[in-house]
Amino acid sequence: MLSRELQDYLLVTKQEESINYLSKMSDLQRIGQNEDRLTEPFLNKIFVYINISSTAKTYLIESLRLLKDYSFIEEILRISRLAINHYQSIEPKFWPKIYQSEHPMGSALDIYTILFNIPVMLDRYQQLNIPEKYLIEVLQDVNIWLEKFYIKNGYYGLNVLGWLCRHLNAKLFQGGRLQFEPQIHTLPYHGFRNRKTKQTLLLVKTDRLIRKDGLFNGINNIVEEDAFKTEFSMDDQYAEGYLADPRGFIIKNKIKLSLQEWAPVLTPESNVIFLHIPSSGPLIKEQIDRSLENAIVFFKRYFPQFDFDFFMMYSW
């Protein structure tokens, strides 16, 4: 049950949807003891794990006065801890806001929401026996997004709560230049590998709409009414469908693959590692190769039950 003060604030600031959202989260079963309090000593402990500027640190310490001006902030943080303890993500659209027009430090709430839950992330890495250096490496993302926000708005904040929850929930890791997210294959392709040459081809799944330019209908908000619909079929001998070329364009002519020559290697149930590229510098081939090699070792060592065959990524 939310406090009356928090409910009143959300009503006055026209954030009614946040009331239902927080109420559901507050009903989650409490896991373990949460004795953390958002204080200057707490922040100083967390700063050890995130590489942020001295200016950002000063801002966050000075912004602790928010807790005096809005006593319900600790309630919000406790609810966020409940969500992260249950491996849930935080939906930014429904997360409470203290707008800059209302309080000069209001944007610190989103930052505190992430920092307050880093102890949970620490516990998870310890349980998985993953060295702390990997945690510190992936938390570089916090500084990247803080500085991006500052450059755009002239003050510190975060607008990627949902994204950073993947870090807190130990669902995304970093090793060198790239970030890695183990998932079940969800992209619209079936993959086949030539049994002799090891060449890999991707055929598009059934019922995907393709524009005249060979891209999926709706990409870049471009929709064609006469987009053609793909078909895919496979039996004991053949797989037939539309080929995706190495540039990502769909070729309109169907092809037929003999399963004696082409082995199915990518199915809707396949384990894959999705790649993410943090905006932390240039892409250098040697760094990328080393990062991919490190990822193979990392997942074999810390997630031996997650047997995967592919790295995958897509651009938005």
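## Basis

Residues are numbered from 1 along each chain as its sequence is written, and side-chain values use heavy atoms, with hydrogens and water left out. Because the model is predicted, local features need pLDDT of at least 70 and side-chain atom pairs count only at pLDDT 80 or more, while totals for chains, interfaces and linings use all residues.

## Helix α6

Helix α6 spans residues 73-85. Helices (H or I, at least four residues) and strands (E, at least two) are DSSP runs, numbered from the N terminus. The 13 residues of α6 reach 18 Å from the first C-alpha to the last, close to the 18 Å expected at 1.5 Å a residue; the expected span is 1.5 Å times one less than the number of residues.

Of the 13 residues in α6, 11 are buried, so the helix is largely enclosed by the rest of the structure. Buried means under 20% relative accessible area, exposed over 50%, and partly exposed in between (1.4 Å probe, protein chains only). The buried residues include I73, E75, R81 and N85. They pack against α1 (4-12), α2 (16-26), α5 (66-69), α7, α8 (118-127) and α11 (161-168). Just after α6, Y87 has a positive phi of about 60°.

## D110

D110 lies in helix α7 (residues 108-115) and counts as buried at 7% relative accessibility. Its side chain makes a polar contact of 2.7 Å with that of K97. A polar contact is a pair of N or O atoms within 3.5 Å; within protein, one must be able to donate a hydrogen and the other to accept it, and residues adjacent in sequence count only if both atoms are side-chain atoms.

Leaving out residues up to four places away in sequence, D110 touches W95, P96, K97, L158 and L161 (contact means heavy atoms within 4.5 Å).

## Salt bridges

The whole structure has 10 salt bridges, each a side-chain nitrogen of Lys or Arg within 4 Å of a carboxyl oxygen of Asp or Glu. One of them joins E231 and K254 at 2.8 Å, N to O. This pair links distant parts of the chain, 23 residues apart: E231 is in the loop between β6 (228-229) and β7 (233-234), and K254 is in strand β9 (residues 250-258). E231 is partly exposed at 43%, as is K254 at 36%.

R211 and D213 meet at 2.9 Å, N to O; R211 is buried at 3% and D213 partly exposed at 39%. R247 and D245 also meet at 2.9 Å, N to O, with R247 exposed at 66% and D245 buried at 13%.
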